[in-house]
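Hi,

Here is the model I said I'd pass along. Have a look at it first, and then read on for what I found.

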Amino acid sequence: MSTAAVTDKRHSTLRAASLPRWTPWVIAAGSLVLGIGISMAAGLDSQVQWGLIAAVLFVLGTFGVAARVEGRRQAKDRVATSLVWVAFLLAVVPLVSLIWVTVVRGVKVLDVYFLTHSMGVVADTEPGGGIYHAIIGSLEQVGLATLIGAPIGVLTAIYLVEYGRGRLAKAVTFFVDVMTGIPSIVAGLFILSLMLIFEMQPFGFAGSLALAILMMPVVVRSTEEMLKLVPNELREASLALGVPKWRTILKVVLPTSVGGITTGIMLAVARIAGETAPVLLLVFGNPFINNNPFEGAQASLPLYIYQQFANSAGSGAAFDRAWAASLTLIAFVMILNLVARGIARWKAPKTGR
Amino acid sequence: MDISTTTDVPPPASQPTIAERKRAARGATRPGDRIFLGLSRGSGILLLVIMAAIAVFLTYRAVLAISKDHANFLTTFEWNTNVLEPKFGIAVLVFGTIVSSVIAMVIAVPVAVAIALFITHYAPRRMSGPVAYVIDLLAAVPSIVYGLWGALVLVPHMNGLFGWLNDFFGWTGVFSWDEGAPRSMLTVGILLAIMILPIITNVSREVFRQVPQMHEEAALALGATRWEVVRMSVLPFGRSGVISASMLGLGRALGETMAVATVLSPSFDIQASLLNPGGGTFAQNIASKFSEANEFGRDALIASGLVLFVITLLVNGAARLIIARRAEYSGANA
Amino acid sequence: MKLQRKNRLRALSLGAVAVTGALALTACGSDDNGGGGSASGNPSTSAQASSIKCDNAKGQLLADGSSAQKNAIDAWVKSFSQACGVQINYKGGGSGAGVTAFTQGQVAFAGSDSPLKPEEVTASKQICKGGQGIDLPMVGGPIAIGYNVPGVDNLVLDAPTLAKIFDSKITKWNDPAIAALNKGVKLPDLKIQAFHRSDESGTTDNFTKYLIATTPDNWKYSGGKAWQAKGGQSAPQSAGVAQQVKQTSGAIGYFELSYVKDGLKAVSINTGASKPVAPSSESATADIAAAQVVGTGKDLSLKLDYKTKAEGAYPITLVTYEIACDKGNKADTLPATKAFLRYIASEDGQKILPSIGYAPVPADIISKVRTTIEGLS
């Protein structure tokens, strides 16, 4: 870097010449106009190409201008800055498009009727129908999965942090990590094989079991982190007062970390609520309302979206329903997320990091 | 969970005394303690049992299927299980899974690192909070929604880009295009990149945040530009964190099912060009062949699922090793 | 620490609210969206609307199978459940899925485009206590070759050209072979995008059987439910193929006639008759009329005539079957299964078919089907 400083020609003044603050904006606007111009001239009709051309022009333009006025080091810095901005915009475009399209196309058929009626006898290519049956299915399956997965996950984390030493704990830690990486479809295949062995019909609870398998490792990991944040002084104080260890855990350790644990569980719930693959294999799907998760085929929101997409035969009505169901699902997941974050902030441990 | 990169090594805080350890090991004297220990240890053991059951069962069914395979399981370009002499092999699936994941990584990792840098070092302060927040939320968008968006919005938009790639890079063969609908590996890779972007960004951001302030200030005091600060102090510190974040993303890309199943036009051959439709991935193949498969066909799919399981296991194991090493590194800095 | 008690209370009440909310939710939804009659629970109010005999049918029937007959089943289910209050959950997962689900005892009946294979009959004996699975032809229909070529409204092809298109031997719409069959039509210089099924399918089976029967020189594959030719693009299920053809300029694909709507057009086939035949309910009926029963015992599987040159007979047809046990159907689903099958084989049931792009089963065959259904136990 020192050589760069020496070759800098403007040593007459203390501050090197620098571009005015508005330069990046001007270059950006210029390259955007130029990009669209070139694309128009070349007859390109895709906005993707316009954007890419403009982005390239922006980076090159920034480098050219900065190299001239400010020298190479500053130019490199400017290029890095503009690359970061471009990358950010590049990534934001599809993500914004995803949300935008889902909202705009989802609100078309999303109304009270849609939320309170099932598909019933409406054919997939016809307009009408709703997602009530899928909402019920999803709530019950995810709820049951949480009832199974969350306690096991939390207890395992307690074991690992509070008791676990030696080989068993090491094995559990390792396999929790491995479990995190299980593709969701493999969990589905596993439960399905059990069902085939016991000759069972598809039912909602089977989906819950697969979802619970996917949920456990996530809960274990997040709960572990939270329990580790509880300062040891609290435990020691409690133990020193003669409180049994289990009461110490229940009355001191868990309450201290309950916010973080809840957050972790809710994020895990949000994650499994959107899982399609295992549900696809296990609950069969059902256009009618089935309130009983232990018997008979059930629907679920992600499965419903997939079926509406796959069975649409290109019919607009089916796509509208798929988007509206997506919007409902995203809203559900987002609300869970927001609540989880709210809890995390509200009960954030005062110690640690 | 942004914090999942942190160490597995229990912090000194929870290290119990020897006496305590012995008591815990012996099983506590009080019934409450015994019950509680039993419950929590039982849960841990249950997890192990589930894992073992999955592994054992998958292997068992896979062996059943592979032993009846009339072709080489590893090298066959065919998946035909519903006939008297079943022939199936995973060559196409291995290729497709790796190619789509590699494309996703090549696109997602640099962009994700850039966004993480943007949030921690470049964005105007008022902007960085909300941006981080939005990216966080996007990590939670269900994959089926990405799939729906990919099939109905992304695919039609790829036509222009594909034509362009064909015009300029068609001579390489990798980017030649026969003007089929753009439901190809490249589209899948791009969609996967978009899906794993938030995950990699979140983890990288946490790592970049932990860069010791002193390192950066020292560089700044020496007159370094912002880029030089990033290059000399932020990136080296965050490197292993970024690698493990990428591994997490890779794990998700490898096992992604619905988004691939909705976007790809599957076939059992390998396309030299990334732009022509065809190919398949493990998870997509299971999802799309499953409903038509008879019991033997399901065993064959389970066999492919086992291979996917092993691959993801290796990737996660690698990520874990890297994280463990990073823990030592950052521990020295603390 | 002081706050904890309060917080836990708050968390508890939050949970309570969530649970009661969920409970309340389960009470307020409705399956009733069939227009007129009540869809569930109240059979008496709308039963007079038709002559459907419900017997003791009740509860819900699971069924799975051919997506080729999904649209027909959807229409039948609508009138049947309005009359009887039985919910019939037919998932058009494909013929193979249906047969698999049937031989595993997961569904009451299956829909299939191809009759049961010997090994499948053997497998069905485990489920049908004392009996076996039998094929009941219920729906006939043309397999339409749908296309999406801008500016071309009336396309004629013959078997060899079709075979070459789907085998990627002809790749442009203005190929001389296509032009020769379509004199006076301005064909664009557009790449042909041939779509086939990515899953195993009876539709694929019947379509390739047609190609093998009529033009073995151009279609050198052995046939079967899985697509064998290389090249082209794929999509799952008839609906998926139809969706892709609709979205893609220059696309061609095969699916049931009922998917030909909303801007999709169907190819007319030059069979050697005096003029090309368009797929329609009538033209398919004309072809199916020549079908022969080849099944033995109660099984009524059919053999179709693909090489027909009869005037107005469309050669690419399929007959889809319902598969049920001749003896040993599950006791709790038997009344509903029987009632539903009886309804769809009845004149009322078959009458619906032409209006939605299917062809009814010829009279002499359907009467055998009716007799067989009455004998199901």
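Predicted model: local features only at pLDDT ≥ 70, side-chain atom pairs only at ≥ 80, totals over all residues.

Chain C first. Its fold has 13 helices and 13 strands. Of the 377 residues in chain C, 55% are buried. If you take the contacts in chain C with a separation of 6 or more, 73% of them join residues 24 or more positions apart.

Where they touch, domain 1 of chain C puts in 21 residues and domain 2 of chain C puts in 20. On the domain 1 side, α4 (95-103) and β4 (133-148) of chain C are the elements giving two or more residues. The top contributor there is β4(C), with three residues. That side of domain 1 of chain C has 13 polar, seven nonpolar and one charged residues.

Now the contact between chains. Chain C brings 19 residues to it and chain B brings 18. On the chain C side, the elements with two or more residues are α4 and β7 (233-235) of chain C. So what classes of residue does the side of chain C that touches chain B have? Ten are polar, five charged and four nonpolar.

One thing to look at in the viewer is α4 of chain C: α4 is listed for the domain 1 side that touches domain 2, and also for the side of chain C that touches chain B.

Cheers

Technical notes: Residues numbered from 1 in each chain as written. Chains lettered and ligands numbered in written order. Contact = placed C-beta atoms within 7 Å. Helix = DSSP H or I, 4+ residues; strand = E, 2+ residues; numbered from the N terminus. Nonpolar A, V, L, I, M, F, W, Y, C, P; charged D, E, K, R; others polar. Buried ≥ 20, exposed ≤ 12 C-beta atoms within 10 Å, placed from the backbone.
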